[in-house]
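Dear colleague,

Please find below the structure that I am handing over to you, together with its sequence.

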Amino acid sequence: MGEHPSPGPAVAACAEAERIEELEPEAEEPLPAAPEDHWKVLFDQFDPGNTGFISTGKFRSLLESHSSELDPHKKEVLLALADSHADGQICYQDFVNLMSNKRSNSFRQAILQGNRRLCSKALLEEKGLNLSQRLIRHVAYETLPREIDRKWYYDSYTCCPPPWFMITVTLLEVAFFLYNGVSLNQFVLQVTHPHYLKNSLVYHPQLRAQAWRYLTYIFMHAGIEHLGLNVVLQLLVGVPLEMVHGATRIGLVYVAGVVAGSLAVSVADMTAPVVGSSGGVYALVSAHLANIVMNWSGMKCQFKLLRMAVALICMSMEFGRAVWLRFHPSAYPPCPHPSFVAHLGGVAVGITLGVVVLRNYEQRLQDQSLWWIFVAMYAIFVLFAIFWNIFAYTLLDLKLPPPP
């Protein structure tokens, strides 16, 4: 009697777990190494209804049949994840996150140590939390759109290191403002004081060769009304973002917004000075608001529509104040008051680099093609602005205000 050839390992393993249709020949080939679209092809063969889920039985069979192609620690994590799903289903996105190295080591530790099983119980349903635990949970729901990310962040956050970057920058800004207020004997609309621009931290077009001014202008503010809103936004938005994404990533977005702000002024408003941290602040706030809009259904922060409206109103009022001040008769003619264009430079950074950072929690940015596209765009803009500052002022024969 002739025997039929035995099916491939993937088909045999799945037949033991649950009777399904025989897979096409392509499914018997070794697993792809990493790209998400390859994982999708394999996942869809176990999910013919395109529901986005497969049963844990099918999932375990898939892993066992292809164990030789998987990194051992990945297989261990995936098996633990399968066991932790009380509803008997595995979400495709969880599968891809782990296969693409998202949280590979930390997530594995959290599962193996039993800190939290990834069950269907939402983090908001947790009872008996102390004040610090409620604060961490609040930050998770304020910044992260997916429950699996919120749970992992809640378990792994240790407040070590604390959100030192935003707090340090804020304290320095307040300290410099108080020092200038005492020196000028003026706290409201300091920028109208005749000696305001003499400070070596302010960006001034005649002194654009002093490169530090493209960054240090954030420590000078037009007045207490300018400083107040920037400080509030930095603490309410910047600190929670830093708690989740870390000082390196949030500091990168903030500094990129600051530099883009001063360079944008040097290109688009060439005769005006620049003061204030609005470039960095608007980069963070714009990225956060864009992330909320792009993940609207997943974001579970309370009163999100009302709070977004309040944030936009505050930003619009601050921007309107800056526009009014720019065209108000100057206290030190012929030099105009500081420019408002830095705000726009910050927004541009926020909706490009900032959004990519916030949307890729615990994933390597260097693996994201969109990240490199925006980095390249930012680098091109910086190089263009540098050459503009070197050559354009002379070629255009622009008459600049004298240095302070």
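Helices (H or I, at least four residues) and strands (E, at least two) are taken here as DSSP runs, numbered from the N terminus. This is a predicted model, in which local features need pLDDT of at least 70 and side-chain atom pairs count only at pLDDT 80 or more, while totals for chains, interfaces and linings use all residues. Residues are numbered from 1 along each chain as its sequence is written, and side-chain values use heavy atoms, with hydrogens and water left out.

Overall composition

The protein contains 15 helices and two strands. Of its 404 residues, 51% are buried; buried means under 20% relative accessible area, exposed over 50%, and partly exposed in between (1.4 Å probe, protein chains only). Contact means heavy atoms within 4.5 Å. Among contacts with a separation of 6 or more, 71% are between residues 24 or more positions apart.

Transmembrane annotation

UniProt positions are given in the numbering used here, feature names are shortened, and annotations may be inferred rather than shown by experiment. The unreviewed UniProt entry lists "transmembrane region" at residues 214-239, 251-268, 274-293, 305-327, 339-358 and 370-396. Residues 214-239 are 73% helix and 0% strand, with 24 Å between the end C-alpha atoms.

Annotated active site

The unreviewed UniProt entry places the feature "active site" at S278 and H343. Although these residues are spread over 66 residues of sequence, they cluster in space, the largest C-alpha distance being 5.6 Å. Both S278 and H343 are included in the lining of the largest cavity. On a 1 Å grid over the protein atoms alone, a cavity is a set of points where a 1.4 Å probe fits but cannot get out, whereas a pocket is an open set with protein on both sides within 12 Å along at least five of seven lines; lining residues have an atom within 4 Å of a point.

S278 is located in helix α12 and counts as buried because its relative accessibility is 2%. Not counting residues up to four places away in sequence, S278 touches H226, N230, E318 and H343.

Salt bridges

Side chains of opposite charge can pair when their charged atoms come close. With a salt bridge taken as a side-chain nitrogen of Lys or Arg within 4 Å of a carboxyl oxygen of Asp or Glu, a search of the whole structure finds four.

- E142 pairs with R307, the closest N and O atoms being 2.3 Å apart. This pair links distant parts of the chain, with E142 in helix α7 and R307 in helix α13, 165 residues apart. E142 counts as buried because its relative accessibility is 12%, whereas R307, at 35%, counts as partly exposed.
- D269 pairs with R326 at 2.9 Å between the closest N and O atoms. D269 is in the loop between α11 and α12 and R326 is in helix α13, so that distant parts of the chain, 57 residues apart, are linked. Both D269 and R326 are buried.
- E318 pairs with R321, again with the closest N and O atoms 2.9 Å apart. Because E318 and R321 are three residues apart in helix α13, about one helical turn separates them. Both E318 and R321 are buried.

R321 has a relative accessibility of 16%. Leaving aside neighbours within four places in sequence, R321 is in contact with A222, E225 and H226.

The second largest pocket

The second largest pocket has a volume of about 450 Å³, where grid points are joined across faces, edges and corners and a volume is the space filled by probe spheres set on the points. Of the 21 residues that line this pocket, E142, L236, V237, R307 and A311 are the closest to its centre. At least two lining residues come from each of α7 (131-143), α11 (224-268), α12 (278-294) and α13 (304-327), and α11 gives the most, with seven.

The lining comprises 15 nonpolar, three polar and three charged residues. Here Ala, Val, Leu, Ile, Met, Phe, Trp, Tyr, Cys and Pro count as nonpolar, Asp, Glu, Lys and Arg as charged, and the others, Gly among them, as polar.

Helix α8

Helix α8 (residues 147-156) is mostly covered, with seven of its 10 residues buried. Those buried residues are I148, D149, R150, K151, W152, Y153 and Y154.

With kind regards
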